[in-house]
Amino acid sequence: IAGTHGKTTTTALIAHFLYQAKHPFISFLGGIIRGYEKNFLSYKAADKNALLVVEADEYDHSFLKLHPNIAVITAIDEDHLEIYQDKNNLYKAFQTFLQKKKAKGKSIIAHEIFHALKDPCAYTYGLQKGDIQAENIAIEKHQYTFNYCFQEKKDKIYMPLPGLYNIQNALAAITVGLFLEIEMSVLHNALATFPGIHRRFEVKINQKNILWIDDYAHHPEEIKVFLQTVKALYPDYHLKAIFQPHLYSRTKDFAQAFGQSLSLAEEVFLLPIYPAREKPIPGVTSECILQYITTKKKYIQDPKNFFSCCAPFSSKPTLWTTIGAGNIASLFDQSLKRMI
């Protein structure tokens with residue numbers, strides 16, 4: 001399962017489906033599944049017919065070492081430009097990934113990127129678009145419902161995960177499950193019990209007048225979709241976004257786009273850049289993003305004295321969001337909990 005966004009959730013859903021179906025498999029995931037509390041999930045791994053489910057990372061071309069029977073591509077947006085230089089090269093890498101699937105292999109591709117990939121036999125999926133569609137999307141009892149439509153099949157699905165983007169992830173995962181001959185009834189039950197992934201729209205605090213949601217989003221498009229979802233679900237809350245940029249190179253490449261996405265919040269706090277594997281780039285700091293944020297209340301903040309400098313409450317119920325792929329969640333875990 002490859003893609004610049006959505007691959008962790010889609011991979012985790014497939015692994016959860018296989019576990020619930022008691023189908024022998026081994027899976028390698030890019031996040032920790034809640035409940036299982038691990039990123040390596042398996043069932044009867046020693047079975048000679050065990051499937052291998054892999055989250056295929058594009059960062060260093062490592063996904064080009066794989067030769068899948070089923071290849072899924074969830075999204076392609078500009079990222080890792082220190083590796084690919086531009087979007088065209090990124091698309092070429094994903095095209096090569098598709099070409100490496102087995103001769104009789106299947107591919108499942110998000111509808112909005114299918115036009116840029118050459119695989120005429122691929123199945124496409126999307127919200128009311130593609131071979132596999134989600135129709136009649138609605139919210140019932142605080143969860144999404146939709147009709148999964150593929151060929152002659154139309155099934156009503158109940159999904160506990162928030163966000164339209166997760167409906168797309170579910171479409172891909174359900175299709176893989178059907179290709180693996182898992183009964184739809186098992187997929188229904190498994191999806192309804194999917195516990196979610198740590199740091200993917202993870203509600204850390206939910207009490208009167210205060211919410212805290214933590215998310216791994218570290219690309220401008222991911223941040224935009226996350227904040228749009230938050231605002232749609234909690235329109236009456238005062239939205240505060242605390243963002244820790246991840247990588248100097250990504251900050252340099254997408255500073256303006258980060259600023260535009262973060263401007264969806266009513267207050268924005270930028271932490272210092274989390275370097276991960278990189279050395280500093282002269283002139284590249286969180287200030288590069290701050291200049292593009294149109295929200296009036298915007299700040300560069302040291303996490304060590306965050307709550308001594310910032311009033312935590314407003315006249316509205318407050319929704320704190322911590323965003324980023326670094327150590328932001330651990331930095332604020334104790335601080336935010338002390339607020340209540």
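Of the 340 residues in the chain, 52% are buried, meaning under 20% relative accessible area with a 1.4 Å probe and protein chains only as cover. This is a predicted model, in which local features need pLDDT of at least 70 and side-chain atom pairs count only at pLDDT 80 or more, while totals for chains, interfaces and linings use all residues. Residues are numbered from 1 along each chain as its sequence is written, and side-chain values use heavy atoms, with hydrogens and water left out.

The chain holds eleven helices and 15 strands; these are DSSP runs, with helices (H or I) of at least four residues and strands (E) of at least two, numbered from the N terminus. Its radius of gyration is 20 Å, close to the 20 Å that the globule rule gives for 340 residues, so the chain is as compact as a globular protein of that length. Here the radius is taken over C-alpha atoms, and the rule is 2.2 Å times the number of residues to the power 0.38. Along the principal axes, the C-alpha trace spans about 60 × 45 × 40 Å.

Now look at how the chain meets itself. Among contacts (heavy atoms within 4.5 Å) with a separation of 6 or more, 66% are between residues 24 or more positions apart.

Conventions: Buried means under 20% relative accessible area, exposed over 50%, partly exposed in between (1.4 Å probe, protein chains only).
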